[in-house]
Amino acid sequence: MKFIKDHSSTTAILLFAQSEKVQSISKSIACKKMQNQLLWKKMNEKVLKTIKKTNLPYSVFDETSQIGNTFGEKITDAINKVFAQGYDKVIVIGNDCIELQADHLLLANTNLQINDSVLGADFNGGAYLIGISKRSFIAKQFAVISWQTSCVFKELKALFNEKNTGLLPVLNDCNSAFDFKKAICKLSFSDGFKNLILSLLQKKTNVNHYENSQGSYEYKSLNFNKGSPFSL
């Protein structure tokens, strides 16, 4: 658990995501273990960079600090801990939305100044962003949402039905290789992150050195033409 505090803001961002080591096991996207772990390392780095661009305070909860038996219990506990730090509003995001930009987070914050909640839907029935005010957060009801299913957005809208809820643009969450393919199509060809993700999804990826605390990995940037992404 990591808190970056700034009590001049009443809103904090909560990054609720697993480390690349654990995420690469639960979401096997790339065809090789080492590529998959590097992919999620880069996704975690990207979302943190996006968060920092907002200048809003933020907290990070990975598997070492998430408490509870179910996803619902864990995310509810994390939100309550952010509220306990003195913030009145929390914006919850994960690490699997490539399209998420700082502007989306700032728009969510603006929405929370006039609404009790704000939601960003993904194209699979989930939510890439959930914003909630402390005064309207009902932990018991929130914990029993059908998390990690295609019913999440629908159930969240129903839960927040009697409150003012702002809606953000629909974006792609990436839970499969196909989701990644759809999402990166929207990135510029010159976007280095796009080329990196493409290379990690490529079935034949070799040699360039990458190191982290878990060991050494190999990775190679590939050149791509301006045609459609390769089939997966």
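Which residues have the most contacts inside the largest nonpolar core? Leu 14, Ile 79, Phe 142 and Leu 156, in a core of 25 residues. By nonpolar core I mean buried Ala, Val, Leu, Ile, Met, Phe, Trp, Tyr and Cys residues joined through side-chain atoms within 4.5 Å. Buried is under 20% relative accessible area, exposed is over 50%, and partly exposed is in between, with a 1.4 Å probe and protein chains only.

Before going on, the ground rules. This is a predicted model: local features need pLDDT of at least 70, side-chain atom pairs count only at pLDDT 80 or more, and totals for chains, interfaces and linings use all residues. Residues are numbered from 1 along each chain as its sequence is written, and side-chain values use heavy atoms, leaving out hydrogens and water.

Two or more residues each come from β2 (11–16), α3 (71–84), β4 (89–93), β5 (117–122), β6 (127–133) and α6 (152–159). Helices (H or I, at least four residues) and strands (E, at least two) are DSSP runs, numbered from the N terminus. Helix α3 gives the largest share, five residues. Another core, of 20 residues, lies apart from this one; Ile 13 and Leu 171 are among its members.

Now Asn 44, in helix α2 (residues 33–53). Asn 44 counts as buried because its relative accessibility is 12%. Beyond its neighbours within four places in sequence, Asn 44 contacts (heavy atoms within 4.5 Å) Ala 17, Gln 18, Ser 19, Glu 20 and Asn 95.

Last, helix α7 (residues 177–184). Its buried residues are Asp 179, Phe 180, Ala 183 and Ile 184. They cover an arc of only 120 degrees around the axis, so they sit on the same side of α7. That arc is taken from the directions from the helix axis to the C-beta atoms. Their cover includes α2 and α8 (192–201).
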